[in-house]
Amino acid sequence: MIQYRVLNSDEICRELFSDFIRRQNVTKCWRRHDGKWTIQDAPFVDDWTEDDYRVLISCLKNTVSSGGFVYGAFRDGKLKGFVSVESDWFGGEYEYLDLSSIHVSEDLRKNGIGRALFLAAKEWAIKKGAKKLYISAHSAVESQAFYKSMGCVEAKLVNKRHVKEEPFDCQLEYEL
């Protein structure tokens, strides 16, 4: 059974992720070529290093301390998924909030955890008054299939900071 709850800053530490498996074997990704999206072979293993965990922990703590939303999924008291939404508005008339991360441990993917986390982020953003969630998402075919199943579409307004940091990510939005 999965339990879901808001995470506080004090519990966000390396030990929280000790049973979390980030690993993703990517074979194909979406890439824009001549203005059109195509699926291309792009095999690699996506996994986090200790430095990646340090950055993630710092970012999640910052999200909480700045009034954002960090929500976790736990099985037997162990973190198996999480989502975060930043509290800062951007996009002028579009009134976006940034869904900055959503991840499910490799051992529990395809069990509805990602959907539950996404819907919790959606509800939080609606309560904050947002019109849309902005998502800079991994371009792996599997990742994009998840976002499409949730109703996400290509973003009308692109957050240039995200594109600069992750040029191969797909920029999506979800209307609330």
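Helices and strands are here DSSP runs, a helix (H or I) having at least four residues and a strand (E) at least two, numbered from the N terminus. In these terms, W48 lies in the loop between β3 (36-46) and α1. The model is a predicted one.

**Helix α1**

- Helix α1 comprises 16 residues, numbered 50-65, and spans 23 Å from its first C-alpha to its last.
- Five residues of α1 are named as buried, namely Y53, L56, I57, L60 and T63. They are on the same side of α1 because they cover an arc of only 125 degrees around the axis.
- An α-helix has 3.6 residues a turn, so residues three or four places apart point the same way.
- R54, V55 and S65 are exposed, on the other side of α1.
- The packing partners of the buried residues of α1 are β4 (69-75), β5 (78-90) and β6 (96-104).
- After α1 comes G67, which has a positive phi near 90 degrees.

- W48 counts as buried because its relative accessibility is 18%, and the cut-off for a buried residue is under 20%.
- Leaving out residues up to four places away in sequence, W48 touches F20, R22, Y53, L56, F82 and H103. Among these contacts, Y53 and L56 also belong to the buried residues of α1.
- Between W48 and R23 there are 25 residues of sequence separation, and the C-alpha to C-alpha distance is 7.5 Å.

**The second largest pocket**

- The volume of the second largest pocket is about 270 Å³.
- Its lining is formed by W30, W37, V141, Q144, A145, Y147, K148, C152, V153, E154, C170 and L172.
- Three elements, α3 (141-150), β8 (153-154) and β9 (170-175), each contribute at least two residues to the lining of the second largest pocket. The largest share, five residues, is supplied by α3.
- Sorted by class, the lining of this pocket has nine nonpolar residues, two charged residues and one polar residue.

- V158 is located in the loop between β8 and α4 (160-165).
- V158 counts as partly exposed because its relative accessibility is 40%, and that class lies between the cut-offs of 20% and 50%.
- Apart from neighbours within four places in sequence, the contacts of V158 are Y134, V163 and Q171.
- V158 and D10 stand 148 residues apart in sequence, with 33 Å between their C-alpha atoms.

**Positive phi in residues other than glycine**

- Most residues other than glycine have a negative phi.
- D34 is not a glycine, yet its phi is positive, at about 55 degrees. This residue is situated in the loop between β2 (24-33) and β3. D34 is exposed because its relative accessible area is 72%, and exposed means over 50%.
- D76, likewise a residue other than glycine, has a positive phi near 55 degrees. The loop between β4 and β5 holds D76. With a relative accessibility of 65%, D76 counts as exposed.

Note on methods
Residues numbered from 1 in each chain as written. Predicted model: local features only at pLDDT ≥ 70, side-chain atom pairs only at ≥ 80, totals over all residues. Heavy atoms only, no water. Expected span 1.5 Å × (residues − 1). Buried < 20%, exposed > 50% of the residue type's maximum accessible area, 1.4 Å probe, protein only. Arc of directions from axis to C-beta. Contact = heavy atoms within 4.5 Å. 1 Å grid on protein atoms, 1.4 Å probe; cavity = no way out; pocket = protein on both sides within 12 Å on 5 of 7 lines; lining within 4 Å. Points joined across faces, edges and corners; volume = space filled by probe spheres on them. Nonpolar A, V, L, I, M, F, W, Y, C, P; charged D, E, K, R; others polar.
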